[in-house]
Amino acid sequence: MELFLPILLLILGFTMLVKGADWFVEGASGIADKFGIPQLVIGLTIVAFGTSAPEAAVSITAALKGSADITIGNIVGSNILNILLILGITATIVTVAVKESTIQVEIPFMIVVTVLLLILGYQGNSINFVDGLILWAMFIVFFVYLFCMTKKGKSEGITDEKQRSIGKLLIFTLIGIVLIVWGSDVTVNSATKIAQEFGLSQRFIGLTIVALGTSLPELMTSVLAAIKGKADIAMGNIVGSNIFNILFVVGTTALITPVTFSNNFVIDAMVAIAAAILLFFCVTKTSSLKRKAGIVMLLSYGAYFIYLIA
């Protein structure tokens, strides 16, 4: 009975995160669509930021409360989940087309920033203020690249928000942000309580339960986008989210407070790098992510999960 309330609150927290991210994405992408921003850019920025907002809120909250292992575990775990589990599930449902720029620039950039996270964390076993500045500098470089992409094409019209006013879309966006922030606080508190009751490490909780909960928006967004034929958003959402998670979330957290990077996370970070490289090779030849690749990704995540519980 002692665990009933924490588990109930954990479910409530996840629900708030998912619904908050959903409303944030709906409002923000609708506003962007009205201004004719290209589909891929929307996926890499607004949708990616919206679905990464739970990771940002949870990680910053956890770091401020002294649960640093949840911070890094949440980010690394979410990035692994995003590629192996979410893209794996999406690809088994429908073939995901991948644009040339994603293969040539965005996925390689994702690999580079993941390697950078490992290097920065391994040196001194923490991500400090200076490291945060480095990550934010990379984040600005990424945004300059996206700004240049915005100049290249017109939006294909990814939403049906044309009939909604800017005011309504802004309300959706603001309510979404409130739910995300509030839900993150509930999620961290309840997950930490459950971990203590079961004697589980914060690393395990961050890499699994919290990572899965905060990755639910990516799962919903990617699967629905792929089914609706919006492959640019499906792939851009995951690649963009992973880049945001490292550069914005870890970078911002490190600027607020040093984030411990224990030796246990070295292997997890290497798995995240391997997952990104696997994605690159899966899409290089055919410019798409097919069912066979999706199955390989799901099996790879299964093997990683077995490693975690072993």
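A: Ser-190 counts as buried, because its relative accessibility is 3%. The residue belongs to helix α6, which spans residues 166-198. Ser-190 touches Pro-6, Leu-9 and Leu-10, leaving out residues up to four places away in sequence.

Next, the chain around it. The model is predicted. The chain has 10 helices and 4 strands. Along the sequence, the pattern reads α-α-α-β-α-β-α-α-α-α-β-α-β-α. Of the 310 residues, 55% are buried. Among contacts with a separation of 6 or more, 86% join residues 24 or more positions apart.

Now the helix. Helix α9 covers residues 264-284, 21 residues in total. From first C-alpha to last, α9 reaches 32 Å. That is close to the 30 Å expected at 1.5 Å a residue. The buried residues of α9 are Phe-265, Val-266, Asp-268, Ala-269, Ala-272, Ile-273, Ala-275, Ala-276, Leu-279 and Val-283.

Two helix partners of α9 follow. Take α10 to begin with.

Helix α10 spans residues 291-309. α9 and α10 pack at an angle of about 170 degrees, and their axes are 11 Å apart. The pair is therefore roughly antiparallel. From α9, the contact draws on Ile-267, Asp-268, Val-271, Leu-278, Leu-279 and Cys-282. From α10 come Ala-293, Val-296, Met-297, Ser-300, Tyr-304, Tyr-307 and Leu-308. By class, the contact of α9 with α10 holds 11 nonpolar residues, 1 polar and 1 charged.

The other partner is α4. α4 and α9 also pack at about 170 degrees, with axes 10 Å apart. So α4 is roughly antiparallel to α9. On the α4 side, the contact is made by Ile-103, Ile-107, Pro-108, Met-110, Ile-111, Thr-114, Val-115, Leu-118 and Tyr-122. On the α9 side, it is made by Val-266, Ala-269, Met-270, Ala-272, Ile-273, Ala-276, Ile-277, Leu-279, Phe-280, Val-283 and Thr-284. The contact of α4 with α9 has 18 nonpolar residues, 2 polar and no charged ones.

Leu-279 is listed in the contact with α10. Leu-279 is also listed in the contact with α4. The residue is buried.

In soluble globular proteins, nonpolar side chains tend to be buried together. Here, the largest nonpolar core has 62 residues. Ile-83, Ile-127, Leu-279 and Leu-289 touch the most other members. The elements giving two or more residues to this core are α3 (68-93), α4 (100-122), α5 (129-150), α7 (202-227), α8 (231-256), α9 and α10. α8 gives the most, with 12 residues. A second, separate core has 18 residues, including Leu-10, Phe-14, Phe-24 and Ile-70. Leu-10 is also one of the residues that Ser-190 touches.

Residues up to four places away in sequence aside, Leu-289 touches Leu-87, Ala-91, Val-94, Thr-95, Val-96, Val-98, Met-235, Leu-279, Cys-282, Val-283 and Met-297. Among them, Leu-279 and Cys-282 belong to the α9 side of the contact with α10. Met-297 is on the α10 side of that contact. Val-283 takes part in the contact of α9 with α4.

Some loop residues complete the view.

Ser-287 lies in the loop between α9 and β4 (288-289). Its phi is near 55 degrees, a positive value in a residue other than glycine. Ser-287 has a relative accessible area of 25%, so it is partly exposed.

Asn-125 sits in the loop between α4 and β2 (126-127). Asn-125 has a positive phi of about 55 degrees, although it is not a glycine. With a relative accessible area of 34%, Asn-125 is partly exposed.

Thr-257 is placed in the loop between α8 and β3 (259-260). Its relative accessible area is 19%, so Thr-257 is buried; the cut-off is under 20%. Leaving aside neighbours within four places in sequence, Thr-257 is in contact with Ala-63 and Leu-64. Thr-257 and Ile-127 are 130 residues apart in sequence, yet their C-alpha atoms are 8.9 Å apart in space.

Methods
Residues are numbered from 1 along each chain as its sequence is written. This is a predicted model: local features need pLDDT of at least 70, side-chain atom pairs count only at pLDDT 80 or more; totals for chains, interfaces and linings use all residues. Side-chain values use heavy atoms; hydrogens and water are left out. The expected span of a helix is 1.5 Å times one less than its number of residues. Buried means under 20% relative accessible area, exposed over 50%, partly exposed in between (1.4 Å probe, protein chains only). Axes are lines fitted to C-alpha atoms, for helices over the stretch in contact, and angles run from 0 to 180 degrees between N-to-C directions. Angles under 35 degrees count as roughly parallel, over 145 as roughly antiparallel, 65 to 115 as roughly perpendicular and the rest as oblique. Contact means heavy atoms within 4.5 Å. Ala, Val, Leu, Ile, Met, Phe, Trp, Tyr, Cys and Pro count as nonpolar, Asp, Glu, Lys and Arg as charged, and the others, Gly among them, as polar. A nonpolar core is a set of buried Ala, Val, Leu, Ile, Met, Phe, Trp, Tyr and Cys residues joined through side-chain atoms within 4.5 Å.
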